[in-house]
Amino acid sequence: MPRPTAAQLAYGSCTVICSTLAMLLLSQTSSGVGIAVIALAALALGLLVAMTVPLPKARASAAAASGASGAAVTAPAAAPADGQARVAARRETVSAGAEPGQGPATAA
């Protein structure tokens, strides 16, 4: 799940605060259950607003302007797997008691 953008956080937070105040003032409730229901409704509304904020189109238009092909777009996704494989190989080397730079087969 991607991290929320600053706009999503701002819109969601403002929605929660404003809707909570409006519902509390309009309902004039003083019971704990009523306040809890209003708070939960405001949180749900804030989450809905935050998730429906459109994502920035600068990334999509920049990729289209540069003429990036499908292979170039998928290449960065493969990079973390290579890095993870190197980290896993390094852990195996260290856990086997070998010196850095030597594989498990040469450790004697």
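**Briefing: a predicted chain of helices**

Gln28 is exposed, with a relative accessible area of 68%. The model is predicted, and the mean pLDDT of its chain is 75.

**The chain as a whole**

- The chain contains four helices and zero strands.
- Read from the N terminus on, the order of elements is α-α-α-α.
- Of the 108 residues in the chain, 12% are buried.
- When contacts between residues at least 6 apart in sequence are considered, 52% of them join residues at least 24 apart.

**Confidence**

- A pLDDT of 70 or more is reached by 53% of the residues in the chain.
- Over residues 71–75, pLDDT stays under 50.
- For this stretch, residues 71–75, the model has one contact beyond four places in sequence.
- Where pLDDT is low, predicted coordinates should not be read in detail.

**Packing of H1 against H2**

- Helix H1 spans residues 6–27 and helix H2 spans residues 32–52; the two pack at an angle of about 150°, and their axes are 8 Å apart.
- An angle over 145 degrees counts as roughly antiparallel, so H1 is roughly antiparallel to H2.
- The crossing in which H1 passes H2 is right-handed.
- On the H1 side, the residues that meet H2 include Gln8, Tyr11, Gly12, Thr15, Val16 and Ser19.
- On the H2 side, the residues that meet H1 include Ile35, Ile38, Ala41, Ala42, Leu45, Gly46 and Val49.
- Sorted by class, the contact of H1 with H2 comprises 12 nonpolar, seven polar and no charged residues.

**Thr15, a buried residue of H1**

- Thr15 lies in helix H1 and is one of the residues there that meet H2.
- With a relative accessible area of 17%, Thr15 is buried; the cut-off for this class is under 20%.
- Leaving aside residues up to four places away in sequence, Thr15 touches Thr20, Leu45, Gly46 and Val49.
- Thr15 and Gly46 are 31 residues apart along the chain, and their C-alpha atoms are separated by 5.1 Å.

- Gln28 is not a glycine, yet its phi is positive, at about 50°.
- In contrast to Thr15, which is buried, Gln28 is exposed.

Technical notes
Residues numbered from 1 in each chain as written. Predicted model: local features only at pLDDT ≥ 70, side-chain atom pairs only at ≥ 80, totals over all residues. Heavy atoms only, no water. Axes fitted to C-alpha atoms, helices over the stretch in contact; angles between N-to-C directions. Parallel < 35°, antiparallel > 145°, perpendicular 65-115°, else oblique. Left-handed = near helix turned anticlockwise from the far one by under 90°. Contact = heavy atoms within 4.5 Å. Nonpolar A, V, L, I, M, F, W, Y, C, P; charged D, E, K, R; others polar. pLDDT = per-residue confidence, 0-100. Buried < 20%, exposed > 50% of the residue type's maximum accessible area, 1.4 Å probe, protein only.
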